[in-house]
Amino acid sequence: MENMGALLDKDRKVTRSLTKHRERRTQIQEQLAQFPRVQLANLPTPLEPLPRLTDALEGPQIFVKRDDLTGLAFGGNKTRQLEFVMAHALQAKPEVLVTGANIQSNWSRQATAAAVKMGIPIVLVLRNSDMQEIQGNVLLDLWMGAEVHFVNEPDMTRMQQHIDDMVAELRAQGKRAFKLDSWSPLTAIAYVNMMCELQAQCDAQNISPTRLWLAAAGPTQAGIVLGARLLDWNLRVTGVAPLRWTNAPMQDITADVANQAAEMLGADVRIAPSEIEDLDNYIGAGYAIPLREGLEAMRLAARTDALLLDPVYTSKAMAGLIDHVKRGELTRDDTVIFLHTGGSPANFAYRDALVGMSKL
Ligand SMILES: Cc1ncc(COP(=O)(O)O)c(C=O)c1O
């Protein structure tokens, strides 16, 4: 048994480190407050334990940060990002906003919701190379009044060019068109802010995570890694890729966004690509194609803690987490926070895969 002196000493150390955390957060939040921001998100999102999933896996203690509950037409990680990206766009006094990505793009659905709330029309350019039916996210886009243009583009990396072309076309027609940029460093800045929020929650709930696990295609992980660095938080961040970009490796792209965000924040730090942990072995047959282990992960999460994942992003991230537990790379010594980045509307476009999964 520890004696009274040792206990008091431990207490003092904890208090000192909590105070240090708070001071650091205040400094970062003062920097963040300089950026224009529109209020779109319900924050803070809950940080919840997953006791039954933790038991089922017999590995690390697992918590979930519920960024699927940020709000704005079904929520997701994009709500936080749009608070900053939309505020920036508004400065240009746009008559019409333009964005896009894949047909089941969560970004586009949330951008549409944000545009509607600002009272500005939005044009979406969506990749639909295999003529998918109108369901899930794209149904919500149309429901909220987006003008949707489909393009037959096999390469996701080239979608930005199609969006830029649409902006140019609208401007040529004399409209003040502005792109909502899903790659803006402001998206990473939103996740620096999330890291401040998460650390405050961990401190309040007495949780000392060793790992943060997420589905990551670039900007969200960029903000998280930068946030951890600015907070001096020794937390290993693992991103599970839903796709491979064809223009550059994920690590390079992510580090680049993180460094642009650091510059905007006036922070004298650089993130090297080697600091970005990216697992690209849970993509399976390709972007937006469900992975068998992902479907199994969805089934387990749903039937243990009623946690509903999505087939494109979070299921693949959870499949990676479960695989790492099975391989002994995540152990009982770890405490893992799984960032739920949302994506639930896409499920309705994957009815057949989900029916199959339910019978697994
Ligand atoms: C549900 C979901 N999770 C994760 C991501 C990855 O976010 P980011 O592109 O910011 O890395 C996205 C979007 O790309 C998403 O829609």
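Mentor: Gladly, and let's start with the ligand. It is surrounded by 18 residues, and the closest are Asn106, Thr220, Tyr313, Thr341 and Gly343. Keep in mind that this is a predicted model.

Trainee: How is the shell made up by class?

Mentor: There are six nonpolar, eleven polar and one charged residues around the ligand. Gly counts as polar in this scheme, and Gly343 is among the closest residues.

Trainee: Which residues make the contact between H1 and H7?

Mentor: From H1 come Leu18, His21, Arg25, Ile28, Gln29 and Leu32, while H7 brings Ile189, Val192, Asn193, Cys196, Gln199, Ala200 and Asp203. Sorted by class, the contact of H1 with H7 holds seven nonpolar, four polar and two charged residues.

Trainee: On to the sheets. What is the order of the open sheet of four strands?

Mentor: The order is S5-S4-S3-S6, with parallel pairing.

Trainee: What makes S5 and S6 stand at the edges?

Mentor: Strand S5 (147-151) and strand S6 (177-179) each have a single partner strand, so one side of each lacks a neighbour in the sheet. On average, neighbouring strands of this sheet are turned by 25° against each other, direction ignored.

Trainee: How do you know that S4 and S5 pair?

Mentor: Pairing requires at least two bridges, and five bridges join strand S4 (residues 122-127) to S5, the two running parallel. The count meets the cut-off, so they are a pair. For instance, valine 123 has glutamate 147 of S5 as its bridge partner.

Trainee: How is the open sheet of six strands arranged?

Mentor: Its order is S1-S2-S10-S7-S8-S9, and the pairing is mixed. Strand S1 (47-49) and strand S9 (277-279) are the edge strands, because each has a single partner strand and is left without a neighbour on one side.

Trainee: What makes S8 and S9 a pair?

Mentor: Strand S8 (residues 236-240) and S9 are linked by three bridges in the parallel sense. At least two are needed, so S8 and S9 qualify. In one of these strands, S9, aspartate 278 is the bridge partner of glycine 239.

Trainee: Which helix lies across strands of that sheet?

Mentor: Helix H11 (residues 314-326) lies across S7 (211-215), S8, S9 and S10 (335-340), running at about 140° to S7.

Trainee: What joins leucine 43 and proline 44?

Mentor: A cis peptide bond, with omega about 0°. Proline 44 sits in the loop between H1 and S1.

Trainee: And what can you say about phi at aspartate 232?

Mentor: Its phi is positive, about 60°, although aspartate 232 is not a glycine. You will find aspartate 232 in the loop between H8 and S8.

Conventions
Residues are numbered from 1 along each chain as its sequence is written. This is a predicted model: local features need pLDDT of at least 70, side-chain atom pairs count only at pLDDT 80 or more; totals for chains, interfaces and linings use all residues. Two residues are in contact if their C-beta atoms, placed from the backbone, lie within 7 Å. Axes are lines fitted to C-alpha atoms, for helices over the stretch in contact, and angles run from 0 to 180 degrees between N-to-C directions. A residue is near a molecule or strand if its C-beta atom, placed from the backbone, lies within 6 Å of it.
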